[in-house]
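Notebook open, model on screen. I want to see how the pieces of this fold sit against each other.

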Amino acid sequence: MEEIGKKTETTISENDCNEEQRAKIDVWRYIFGFTEMAVLKCSIELGIAEAMEAYGRAGISLSELATALNCSSSYLYRIIRFLVHLKFFKEKCSSATNGTKLYTLTPLGGLLMKQGERGMAALVLLETSPFMLAPWHALSNRIRHNDRPAFEAAHGEDIWGFAAENPKHSKLINEAMACDARIVVPAVINGCA
């Protein structure tokens, strides 16, 4: 009986330790949660999906991609590797190119296209703009003071007034709304008899 008590005590202690370790991992994940968003934005701004699409199903090597995008292959590799991990791109070794790694778009990666029916790049670019992120930085202040909406508190006016005075931001909003409509309207039409 004493042995069972020790075993249970050890198990509880190990569970507490595992839970504590998982909690630390989760906090680190939340701290760097912005990284995925920043890498997606970088990918769109560089035009990685379009360059991969231009090379077709066979895939594109890192050096070809770096040349097409006019950027450093070592930095680009880090972005590509991260996006392969997130399943936006696929990595394959080609026997035709002596084992050189080639990269292709996945269906998820196709959503990073700036143009086309499926592309969601405009939404990513809008939501990752400094103007749209600023209200999130003042969220606690908004909750404490319960006064103006977060966007208005951050910029002094609502989103539409701000857009009227900032043509570049207005263009981002328009492109993102058009992107959203391309995705949502067909789903509504198909889903509602």
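I started with H4 and H5, which are roughly perpendicular to each other. This is a predicted model, so I'm keeping that in mind. I looked up the numbers: the axes of H4 (residues 62-69) and H5 cross at roughly 110° and come within 10 Å.

Next I checked who touches whom. H4 brings Leu 62, Leu 65, Ala 66 and Leu 69, and H5 answers with Ser 73, Leu 76, Tyr 77 and Ile 80. By class that is seven nonpolar residues, one polar and no charged.

Then I turned to H2 and H5. H2 covers residues 34-46 and H5 covers residues 73-85; they pack at about 120°, with axes 10 Å apart. That angle makes H2 oblique to H5. I also noted that the H2 and H5 crossing is left-handed. Among the contact residues I found Val 39 and Leu 40 of H2, and Ile 79 and Phe 82 of H5. The H2 contact with H5 has eight nonpolar, two polar and one charged residues.

Last stop, the sheet. S1 pairs with S3 (residues 100-105) over two bridges, and I traced Ser 61 to its bridge partner in S3, Leu 102.

Note on methods. Residues numbered from 1 in each chain as written. Predicted model: local features only at pLDDT ≥ 70, side-chain atom pairs only at ≥ 80, totals over all residues. Heavy atoms only, no water. Axes fitted to C-alpha atoms, helices over the stretch in contact; angles between N-to-C directions. Helix = DSSP H or I, 4+ residues; strand = E, 2+ residues; numbered from the N terminus. Parallel < 35°, antiparallel > 145°, perpendicular 65-115°, else oblique. Left-handed = near helix turned anticlockwise from the far one by under 90°. Contact = heavy atoms within 4.5 Å. Nonpolar A, V, L, I, M, F, W, Y, C, P; charged D, E, K, R; others polar. Pairing = 2+ DSSP bridges.
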